[in-house]
Amino acid sequence: MKKKILAAIAAGLICVSASGCGTTYQEAIRANTANGATRSNGYFTEIVKWGDGNYTIVYANDTKVKYFICSGYNQYGITPLYNADGTLQVYDGE
């Protein structure tokens, strides 16, 4: 009986702690996007765009991590940008 009670308490704590992590979507889209155009309903801010808009470098408003987006007819790709040492590139307001 004690094991069942402990298991139920542990499951409840895991659920509560997992639901409160990170930045919410609403906080991310309210972030300051005055420096450029936005994408994905305000989640990303564009830094540079070229090739008729098919290639874009953006950053996430909540984490400031930079991403490369490639889009075209029936295709779309997104990948984070990395520094030479393997760490993620972070937008610093260049």
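Colleague: Where in the protein chain is confidence lowest, and where is it highest?
Modeller: This is a predicted model, and its confidence is lowest in helix H2 (residues 25-29), with a mean of 47. The highest value belongs to strand E3, at 92.

Colleague: How many contacts does the stretch with pLDDT below 50 have beyond near neighbours in sequence?
Modeller: That stretch covers residues 28-35, and it has 17 such contacts in the model. For the protein chain, the average pLDDT is 76, and 64% of the residues score at least 70.

Colleague: How many aromatic pairs are there?
Modeller: The count comes to six aromatic pairs.

Colleague: Why is the pair of Trp-50 and Tyr-55 called stacked?
Modeller: A pair needs ring centres within 6.5 Å, and stacked needs planes under 30 degrees apart. The centres of Trp-50 and Tyr-55 are 5.9 Å apart and their planes are at 25°, so the pair is stacked.

Colleague: What makes Tyr-55 and Phe-68 a stacked pair?
Modeller: Their ring centres are 6.2 Å apart, against the limit of 6.5 Å for a pair. Their planes are at 10°, which is under 30 degrees, so this pair is stacked.

Colleague: Which parts of the chain does the pair of Tyr-55 and Phe-68 link?
Modeller: Tyr-55 is in strand E3 (residues 55-60) and Phe-68 is in strand E4 (residues 66-72). The two residues are 13 apart, and the pair links distant parts of the chain.

Colleague: Why does Phe-68 count as partly exposed?
Modeller: Buried means under 20% relative accessible area and exposed means over 50%. Phe-68 has 23% relative accessibility, so it falls in between and counts as partly exposed.

Colleague: How do you know which class Trp-50 and Tyr-55 belong to, buried, exposed or partly exposed?
Modeller: Trp-50 has 39% relative accessibility, so it counts as partly exposed. Tyr-55 has a relative accessible area of 33%, so Tyr-55 is partly exposed.

Colleague: Which residues make the nonpolar surface patch?
Modeller: Ile-47, Val-48, Trp-50 and Tyr-55 make this patch of about 320 Å². A residue in a patch needs over 30% relative accessible area; Trp-50 has 39% and Tyr-55 has 33%.

Colleague: Which strand gives the most to the nonpolar patch?
Modeller: Strand E2 (residues 44-50) does, with three residues. Trp-50 is found in strand E2.

Colleague: Which residues do ring pairs link into a cluster?
Modeller: The cluster consists of Tyr-43, Phe-44 and Tyr-67, linked by ring pairs.

Definitions and conventions
Residues numbered from 1 in each chain as written. Predicted model: local features only at pLDDT ≥ 70, side-chain atom pairs only at ≥ 80, totals over all residues. Heavy atoms only, no water. Phe/Tyr/Trp six-rings, centres within 6.5 Å; stacked < 30°, edge-to-face > 60°. Buried < 20%, exposed > 50% of the residue type's maximum accessible area, 1.4 Å probe, protein only. Helix = DSSP H or I, 4+ residues; strand = E, 2+ residues; numbered from the N terminus. pLDDT = per-residue confidence, 0-100. Contact = heavy atoms within 4.5 Å. Patch = residues over 30% accessible without salt bridge, like charges linked within 9 Å, V, L, I, M, F, W, Y side chains within 5 Å. Areas by Shrake-Rupley, 256 points an atom, 1.4 Å probe, with all protein chains shown as cover. Salt bridge = Lys/Arg side-chain N within 4 Å of Asp/Glu carboxyl O.
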